[in-house]
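Let's take a walk through this one, going from overall build to surface detail. Have the viewer open alongside.

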Amino acid sequence: MLNKIWFTMIIIGIIIAAINGRMEEVSIAILESAEDSVMIVVKLIGPMALWLGIMKVAEEARLTDVLAKLFKPLAKILFPEVPKNHPALASIMMNLSANFLGLGNSATPLGIKAMQQLQELNSGKSSASDAMCTFLVINTSSVTLLPTTILALRIGAGSAQPTEIIGTTVFATFCSTVVGIVANKILIKISGLRGV
Amino acid sequence: MINLINYFSQWAIPLIILLILIAAFIKKVKVYEVFTDGAVEGIAVGVKILPYLLAMLMAIAIFRASGALDIVLNQLAKPLSILGIPKEVIPLALIRPLSGTGSLGIVTDLINQYGPDSFIGRLASTMQGSTETTFYVAAVYFGAIGIKNSRHAILAGLLADLAGFLAAVFICRLVFG
């Protein structure tokens, strides 16, 4: 799917730029995006190394087993094919907790760690497993109790009640996550029927 | 309640690190060595993500800078307004899954223009906070492990985004209406 989306966006973009006479803007944007991607990765490497180190200590101390056990009831529903007490479940739980608390910088490395462990179960294939799709959808739909960035923005803009949007945000994010999980499960079923 | 969550999130990281290290130390894990052992992988992961992120950001950059995105926005304005999404926040709804900084820019503009405590300001805040940048998350998470075929995950993610926006409009009308 990404092959087609990627190709289409670039081709249509460049054709429309030609029609609109915006080739210069597009040219600048292409090179800027290349620089931006490095900046994002550089910013990610620090927290990534930090949490990979901490998670390794947690694994050696067998703490991840405890976390995986705690997560079991929910994991059975969301990730039925992941063996119980698998370390991936511990990482998933840590990632979700970090998301809940609005700690985005920590949630991403923990999520990547979880994906790596799910990939071990997937025997290194280049096609995403069902569990990976479910986990990705949970993360793209965001699960948060504290939307930190937007709170900071509202405070900066001089809001009288910056926190009044927390309730509505939690409601909306809950709806989007539930719809994402259900849509994903249905799509898995459909692709299973087609034998894909 | 909010203060409690806030308090909790300030304590979370130091506390988790403390608990893990204490537990590991008691079990005679060589904490320093094991930590650095794990941390060394951080750079490798970053390097692995880069090409996927670059590919994604480049396509989005071309699509935005060329004006193609504006055309799509205009086309989708009508059907989305039928769904009840106010026209002021429609650009936000469409850019949110594509670009985190882009959508944050739009929210900032909307808040500056209408005020943070206006209906539009509150709705934009709710929309921004309630979903993530789907394409970015997909590029980073799947890129890190070399997944090339994302199957239906992107579609499910976009459906989740749409549901989130509709839910945001619904709840904001109900609460702030």
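This is a predicted model: local features need pLDDT of at least 70, side-chain atom pairs count only at pLDDT 80 or more; totals for chains, interfaces and linings use all residues.

Residues are numbered from 1 along each chain as written, chains are lettered from A and ligands numbered from 1 in the order written, and side-chain values use heavy atoms, leaving out hydrogens and water.

Chain B has 9 helices and 0 strands (DSSP runs, H or I of at least four residues for helices, E of at least two for strands, numbered from the N terminus). Its C-alpha atoms fill a box of roughly 65 × 40 × 30 Å along the principal axes. Of its 177 residues, 52% are buried (under 20% relative accessible area; exposed is over 50%, partly exposed in between, with a 1.4 Å probe and protein chains only).

Now the surface. Tyr7(B), Trp11(B), Leu15(B), Leu18(B), Leu19(B), Ile22(B) and Ile26(B) make up a nonpolar patch with about 740 Å² of accessible area together (Shrake-Rupley, 1.4 Å probe, and for residues only the protein chains shown count as cover). Patch members have over 30% relative accessible area and no salt bridge (a Lys or Arg side-chain nitrogen within 4 Å of an Asp or Glu carboxyl oxygen); nonpolar side chains (Val, Leu, Ile, Met, Phe, Trp, Tyr) are joined within 5 Å, like charges within 9 Å. Leu19(B) sits in helix α1 (residues 2-26) of chain B and is exposed at 53% relative accessibility.

A negative patch brings together Glu60(A), Glu33(B), Asp37(B) and Glu41(B) (Asp and Glu count as negative, Lys and Arg as positive, with His and chain ends not counted; the charge is placed at CG of Asp, CD of Glu, NZ of Lys or CZ of Arg). Asp37(B) belongs to helix α2 (residues 31-39) of chain B and is partly exposed, at 48%.
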